[in-house]
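Subject: Structure for you to look at

Hello,

Here is the structure I promised. Please open it first, then read my notes below.

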Amino acid sequence: MNKWLKISFSLLISSLLHGTSINGALDELKSDPYGFAFVDVGITKEDLENFSSIDIQREWVYHQFGEMERVQEIFANFFGEIGVSEHAIILRAAERLKEIASDVVKASGKETAWICLRSFIPTNRFDLPRWHVDGHYYRSDEPEDLIFKFALTLVGPTTLFYPISRELRKTTEKTVRNRQYMKNVCKQENIVSPKIGEGALFISGQYTSVAALHSEPPIHENRLFLSIVPCSEKQIIALKSRVTALYPKDSRN
Ligand SMILES: [Fe+2]
């Protein structure tokens, strides 16, 4: 059976309760011309209220490479680092994120993941969108391997995605780093974003292929953001050295 079609019982139940499952969205992603799909991961109103209760006093980022059994503890530590929140709120948030991370990895059929949790305080750095595609996070020996990221905003504004045509990709290949230029190219009325608490799955790779064009949103309020890149235990080693070379330590960047 194709690994993307492996549907665990719990995820099937989740899909019946919440609409598109992660597996369903991954299937959708493979044929999406723009390289992104949104997914309901079962975050409730109560979950969102709990995430909103987390005190965010500073911008911070934490990268976790593999060791999925440690993510709950690491998320709890992260929430302790960014502000002063009630213990019960932290525990509930960390547990919920651990469940989501586990669901995403399970649905992907991969062994582990690079997980990144990031907090923002209001900033004008993204008032002008930073439209880009993510390059390949790791090399895969399997040509049909879908290399993707899962992104989820828990507090604050959600990621911007743009359904860019093949023609427009070609004509903007050299100008994609020009933020003012791209602002004019990417028409406001065509920009789409997941709802808060709704996941986004998107493909990485070449700008001229189906990699998803996306940007941070304008961030004028606190924001809490989770991203997950599932991969194998072997791939996580190379991925870790690439990411840590870019971001030498967990810090504001
Ligand atoms: Fe990105």
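One caution first: this is a predicted model. Now to the findings.

Start with the sheet. Strand 1 (residues 36-40) pairs with strand 6 through 5 bridges, and the two run antiparallel. Look for Phe38: its bridge partner in strand 6 is Ala200. Strand 4 (residues 148-155) also pairs with strand 6. Again the sense is antiparallel, with 5 bridges. Here Phe150 has Leu201 of strand 6 as its bridge partner.

Is strand 6 enclosed, or is it open? Count the buried residues.

Next, the core. The largest nonpolar core has 65 residues. Five members touch the most other members: Phe79, Ala101, Trp114, Leu201 and Ala212. Helix 5 gives the most to this core, with 9 residues. In soluble globular proteins, nonpolar side chains tend to be buried together.

What does Ala101 touch, leaving out residues up to four places away in sequence? Its contacts are Met68, Val71, Ala113, Ile115 and Ile228.

Last, helix 5 itself. It runs over residues 87-108, which is 22 residues. At 1.5 Å a residue, the helix should span 32 Å. Its end C-alpha atoms are 32 Å apart, so the two values agree. Gly109 follows helix 5, and its phi is positive, near 75 degrees.

Best wishes

Note on methods: Residues are numbered from 1 along each chain as its sequence is written. This is a predicted model: local features need pLDDT of at least 70, side-chain atom pairs count only at pLDDT 80 or more; totals for chains, interfaces and linings use all residues. Helices (H or I, at least four residues) and strands (E, at least two) are DSSP runs, numbered from the N terminus. The expected span of a helix is 1.5 Å times one less than its number of residues. A nonpolar core is a set of buried Ala, Val, Leu, Ile, Met, Phe, Trp, Tyr and Cys residues joined through C-beta atoms within 7 Å. A residue is buried if 20 or more other C-beta atoms lie within 10 Å of its own, exposed if 12 or fewer, and partly exposed in between; C-beta atoms are placed from the backbone. Two residues are in contact if their C-beta atoms, placed from the backbone, lie within 7 Å. Two strands pair if DSSP finds at least two bridges between them.
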